Amino acid sequence: MSSKPLPTQSLLELIDLFEQSGQPIADGDGQRLHGVPGWDLSRKLSLSDHDLAAWTECVGYAGCYPAPCRDERILVDIEEDADPGRYRYRCPETFRVKYISAETAAVRAVTATKLLNYLADLMDIPQALRRGITTAAIDGVLWHIGKMRIGQVHVDTWLVRGLANSIDDVYRHLDQPSLPDTGVILTTGSAQPAIVRPPRNYRLIQINSVLSPNSASPVVDTDLIHRLLLASPGETIERSPVVRFDHFNSTLHITTRSIAPWKVTGPKQAAVVKYLVEQFENGRQRVSAGDILVAAHGSREAARGKRVPSIFSGNSQWLDYIEHDEAGYGIKLE
């Protein structure tokens, strides 16, 4: 990846900051800044100071501050102090001069290009398929991340923030005949009411909903995105389980890892994977070789003298998805 991986919770907070970064706040000269003031940044529990320095940039300083006054906060004007490390304001309760740090007054915005490329990395979008990522399709609102591989095809993937305030412009842009008829619109904000339908065969998806909650490190649930694309517009689709075996396509999906789904070949191999997934769903993360062989061959008699690795003979790919230790065999979750 182009940047140091963030824990899932930190990435979720960064996405929230990106959404908030689209909101205007006035500086001391009345100019509109787009970012998040320091007093709001301090509420982020997962993003460290190092993370904030790495992923955001200072775009200016706020011209007002929500000063505490009894049981509420009141917006008051702030101004630079002789000490460059602080700003001053007059307390609305005591009328005395008080101070806040320059860091508290600073307005920081998430660096769009950096976040977009990080998300493109998570989605395994090759550099050649994200050529328009550095230039917003609608300034400060809509970006084309690139073409993400979903199933057997590459699908245009867009990121939008502040959708509630710009939905008409966004949908008008995506309705252009020059653009593909199908695409994914990832929103950093809240989802829109089901009655508001995206144009053509586009699907609007909250990006938070496709980041696997079961993984400490960020993993995009492409299986869920695939199912959302195949579903009817507005249809409710449940999150993908930690592991899922698609019986129709004989494909294993693991949502805790950034690994492509495994298209299992051969009835015995499929029987093994199906059995391991069923046992995992029943709370067993490890099963014995003997039980696996019975599942693959149909009976203990038929399984006698056989070995699990021989079922996958000539296909080392299985080692990326199934692990073996002294407790037995199980789906590789990490």
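The model is predicted, so local features need pLDDT of at least 70 and side-chain atom pairs count only at pLDDT 80 or more, while totals for chains, interfaces and linings use all residues. Residues are numbered from 1 along each chain as its sequence is written, and side-chain values use heavy atoms, with hydrogens and water left out.

**Exercise 1.** Classify the ring pair of Tyr65 and Tyr89.

Solution. Rings of Phe, Tyr and Trp (its six-membered ring) pair if their centres lie within 6.5 Å, and planes under 30 degrees apart count as stacked, over 60 as edge-to-face and the rest as tilted. The structure holds 8 aromatic pairs. Because the planes of Tyr65 and Tyr89 meet at 50°, with the ring centres 5.4 Å apart, this pair is tilted. Tyr65 belongs to strand β5 and Tyr89 to strand β8, 24 residues apart, where strands are DSSP runs of E with at least two residues, numbered from the N terminus.

**Exercise 2.** Decide whether Trp262 is buried or exposed, and find the cluster that contains Trp262.

Solution. Buried means under 20% relative accessible area, exposed over 50%, and partly exposed in between (1.4 Å probe, protein chains only). With a relative accessible area of 0%, Trp262 is buried, and Phe312 is buried at 2%. Ring pairs join Trp262, Phe312, Trp318 and Tyr321 into a cluster.

**Exercise 3.** Find the ring over which the charged end of Lys114 sits.

Solution. The criterion asks for NZ of Lys or CZ of Arg within 6 Å of the ring centre and within 35 degrees of the ring normal. The charged end of Lys114 sits over the ring of Trp55, 5.2 Å from its centre.

How values were computed
Helix = DSSP H or I, 4+ residues; strand = E, 2+ residues; numbered from the N terminus.
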